[in-house]
Amino acid sequence: QVQLVESGGALVEPGGSLTLSCAASGILFRGLVMGWHRQASGKQRELVAEITPGGNTNYADFVKGRFTISRDNVNHTIHLQMNSLKPEDTAVYYCSFRDLLSQRIQGWGQGTQVTVSS
């Protein structure tokens, strides 16, 4: 059974930091592109960052220099270190996976809420 379980979402003040984690099971983790997407209220879900099996990363322009994605192929987890958070980063953050040769997302986690507010 495929499971992606996110954790780490919280309320944080602008300029603060937060680390999200996603624990994966039931998938061939080492061979998949893992990613984080987010969806703000009333908006479409958008890509935040992805990391390939080999560790290559891809970031949305709006998080470059602030967020860092990483993966642990032993423990089948990924992390998203988020620094210099802004109110516009407020959203539900979702963990995802896809095959390296396809852009189609094959699975999603349940999401974790990040709220940036003073």
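First, a term I keep using: buried means under 20% relative accessible area, exposed means over 50%, and partly exposed is in between, with a 1.4 Å probe and protein chains only as cover. I note that this is a predicted model, in which local features need pLDDT of at least 70 and side-chain atom pairs count only at pLDDT 80 or more, while totals for chains, interfaces and linings use all residues. Residues are numbered from 1 along each chain as its sequence is written, and side-chain values use heavy atoms, with hydrogens and water left out.

**Entry 1: the overall build**

I looked for helices and found 0 of them, against 11 strands. The terms are DSSP runs numbered from the N terminus: helices are H or I with at least four residues, strands are E with at least two. Reading along the sequence, I get β-β-β-β-β-β-β-β-β-β-β.

Next I checked the size. The radius of gyration is 13 Å, which agrees with the value near 13 Å for a compact globule of 118 residues. That radius is taken over C-alpha atoms, and the globule rule is 2.2 Å times the number of residues to the power 0.38. Along the principal axes, the C-alpha atoms fill a box of roughly 40 × 25 × 25 Å.

I also looked at burial: 41% of the 118 residues count as buried. For contacts (heavy atoms within 4.5 Å), I took those with a separation of 6 or more, and 54% of them join residues 24 or more positions apart.

**Entry 2: the disulfide**

How many disulfides does the chain have? I count 1, using the rule that two cysteine sulfur atoms lie within 2.5 Å. Cys22 and Cys95 form it, with their sulfur atoms 2.1 Å apart. The pair links distant parts of the chain, 73 residues apart: Cys22 sits in strand 3 (residues 18-25) and Cys95 in strand 9. A reminder to myself: a disulfide is a covalent bond between the sulfur atoms of two cysteines.

Are the two ends buried or exposed? Cys22 is buried because its relative accessibility is 1%. Cys95 is buried too, at 0%.

**Entry 3: Gly9 and its neighbours**

Gly9 lies in the loop between strand 1 (3-7) and strand 2 (11-12). With a relative accessible area of 31%, Gly9 is partly exposed. Which residues does Gly9 touch? Leaving out residues up to four places away in sequence, I list Leu18, Leu20, Thr112, Gln113 and Val114. One of these, Thr112, is 103 residues from Gly9 along the chain, yet their C-alpha atoms are separated by 5.1 Å.

**Entry 4: two positive phi values**

I went looking for positive phi in residues other than glycine. His76 has phi near 55 degrees, and I find His76 in the loop between strand 7 (67-72) and strand 8 (77-82). At 26% relative accessibility, His76 counts as partly exposed.

Ser84 has a positive phi of about 50 degrees. Ser84 lies in the loop between strand 8 and strand 9 (91-99), and its relative accessible area of 41% makes Ser84 partly exposed.
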